[in-house]
Amino acid sequence: MATGTQPRALVSYSPHKSGGWKLKNVCLRPLREREVLVEMVASGICQTDLHFAGMESGFGVHYPRVMGHEGAGYVRSVGPGTTRAKIGDPVIMSFSACKSCEPCERGHPAHCFKFNAINFEAVQDDYVFSDASSPSATSSPSEPDIYGRFFGQSSFASLSVVQEDSIVNVAGLVDTREDLAMLSPLGCGIQTGTGAIINAGAAGPTNRVAIIGLGGVGLSAVIGAKVAGCTQIIGIDRYQSRLDLAKELGATHVVHVAEGMGLDEVTAAVKEITGGLGTNITLDTTGFPALIAEGIKMTAFKGKILQVGTAPETATLVIPIHEFMVSGKQFIGIVEGDVVPKEYIPNLITWYREGKLLLDKIVKFYEAEGFETAIRDMQSGVTVKPVIIW
């Protein structure tokens, strides 16, 4: 799109399930220090978007707001003090971090002390958009009233004000709009799945890996285990289509969680596949406490249980302390693959170029007007990673 055309955004006025998501013409406020104006080419839809704009109230829930935290586009303007990109540069967006706390300084920005405040919360300064159809709307509204800067970006818009810290400059790495659209989901789900296995799990050829839940993150983890050369890659899911796709992406074995199947049978199946040893690395993407507990049981002595699935805030996990100590297992919480996006996303692009990151197997494109269909297809399992084209 030309930046002279009327910007559009998918605005969440209330939870999606109540019909509160609307595609609207919008106006944007002027840029501030260390912000960039990005013309979005494409935006991936993630479960996190539905979570934070799917409730009436609660932590991180702010209406009206433009969501979206997987996006890619071109820089069309830069605010004062911007150094990370110039006008015309292609960028892929990811999360923001404070860069000054201990986890950030040690190379773990996804575990930033201020991660929640920076990426989820909203203050008046985060008002970015206004409804262009309102009587008071102008081309440069002085009082915008729709929150932006979700994950520093709010990528569900054809044009968005983005924090400089949320962009990864891919000039010289991405040449076409088509490639930029395909790579648009890298900044969250893809890096979370692959990064959890490769970066946080430090997987290698000797590892036996089980991945519980084969949505976008889980299938990305399958790809990550394949890139790492793991000896056994076991995909676990209730949808046969996801299991078939996991095998296409590199899974050596799959376990179908059929209706009526006991969860202990899932563990037994994994133990049988691994010759009774269990897995060295078990990744949960479901957030379902009972499955997480089985994940611990199917993990071998000195193995790692990697938790990336979001469980209910009140959910708990009971671990037998003596048994856990004797077995030497590790239970590790992981956010965003525990990666540094500006360093890791170029690796993902390289794997895509080399044919290792088979994005075309999991990405499906939808026009912005078809966002409802995209969400339904993701929720039903028809589509793994829906991407909105602007």
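**Aromatic pairs, cores and helix faces in a predicted model**

The structure holds 11 aromatic pairs. Rings of Phe, Tyr and Trp (its six-membered ring) count as paired if their centres lie within 6.5 Å; planes under 30 degrees apart are stacked, over 60 edge-to-face, and the rest tilted. The model is predicted, with local features requiring pLDDT of at least 70 and side-chain atom pairs pLDDT 80 or more, whereas totals for chains, interfaces and linings use all residues. Residues are numbered from 1 along each chain as its sequence is written, and side-chain values use heavy atoms, with hydrogens and water left out.

Phenylalanine 52 and phenylalanine 120 form a stacked pair, at 4.4 Å centre to centre and 25 degrees between the planes. This pair links distant parts of the chain, 68 residues apart. Phenylalanine 52 belongs to helix H1 (residues 47-52), while phenylalanine 120 sits in the loop between helix H3 (115-119) and strand S7 (127-131). Helices (H or I, at least four residues) and strands (E, at least two) are DSSP runs, numbered from the N terminus. Phenylalanine 52 counts as buried because its relative accessibility is 8%. Phenylalanine 120 is likewise buried, with a relative accessible area of 9%. Buried means under 20% relative accessible area, exposed over 50%, and partly exposed in between (1.4 Å probe, protein chains only). The rings of phenylalanine 115 and phenylalanine 120 have centres 5.9 Å apart and planes at 80 degrees, so this pair is edge-to-face. Phenylalanine 115 is buried, as is phenylalanine 120. Phe52, Phe95, Phe115, Phe120, Phe150 and Phe151 make up one aromatic cluster.

Phenylalanine 151, a member of that cluster, has a positive phi near 55 degrees, in a residue other than glycine. Phenylalanine 151 lies in the loop between strand S8 (146-147) and S9. Its relative accessible area is 3%, so phenylalanine 151 is buried. Lysine 99 also has a positive phi, near 70 degrees. Lysine 99 is located in the loop between strand S6 (90-93) and helix H2 (102-105). With a relative accessible area of 44%, lysine 99 is partly exposed. The peptide bond from tyrosine 63 to proline 64 is cis, with omega near -15 degrees. Proline 64 occupies the loop between H1 and strand S4 (65-66).

The largest nonpolar core has 52 residues. A nonpolar core is a set of buried Ala, Val, Leu, Ile, Met, Phe, Trp, Tyr and Cys residues joined through side-chain atoms within 4.5 Å. Ile92, Leu186, Leu357, Leu359 and Ile362 touch the most other members. Leucine 359 touches Met182, Leu183, Leu186, Ile190 and Tyr352, not counting residues up to four places away in sequence. Such contacts are heavy atoms within 4.5 Å. A second, separate core of 48 residues includes Val11, Ala157, Ile167 and Phe371.

Helix H7 (residues 240-249) has Arg242, Leu243, Leu245, Ala246 and Leu249 as its buried residues. Seen down the axis, these fall within an arc of 165 degrees, so they line one face of H7. The arc is that of the directions from the helix axis to the C-beta atoms. The buried residues of H7 pack against helix H6 (216-228), S12, S13 and helix H12 (371-380). Glycine 250 follows H7 and has a positive phi, near 130 degrees.

In helix H8 (residues 263-273), Val266, Thr267 and Val270 are buried. They cover an arc of only 95 degrees around the axis, which puts them on the same side of H8. Asp264 and Glu272 are exposed on the other side. The buried residues of H8 pack against strand S12 (232-237), strand S13 (253-256), strand S14 (279-284) and helix H9 (289-297). Just after H8, glycine 275 adopts a positive phi of about 65 degrees.

Serine 160 is part of strand S9 (residues 159-163). Serine 160 counts as buried because its relative accessibility is 1%. Its side chain reaches the backbone oxygen of serine 154 at 3.1 Å. Residues touched by serine 160 include Leu28, Val36, Phe129 and Gln153.

The structure holds zero disulfides (a disulfide is a pair of cysteine sulfur atoms within 2.5 Å). For cysteine 101, the nearest cysteine sulfur is that of cysteine 98, 3.6 Å away. Cysteine 101 is buried at 10% relative accessibility. Cysteine 27 is buried at 7%.

Definitions and conventions:
A polar contact is a pair of N or O atoms within 3.5 Å; within protein, one must be able to donate a hydrogen and the other to accept it, and residues adjacent in sequence count only if both atoms are side-chain atoms.
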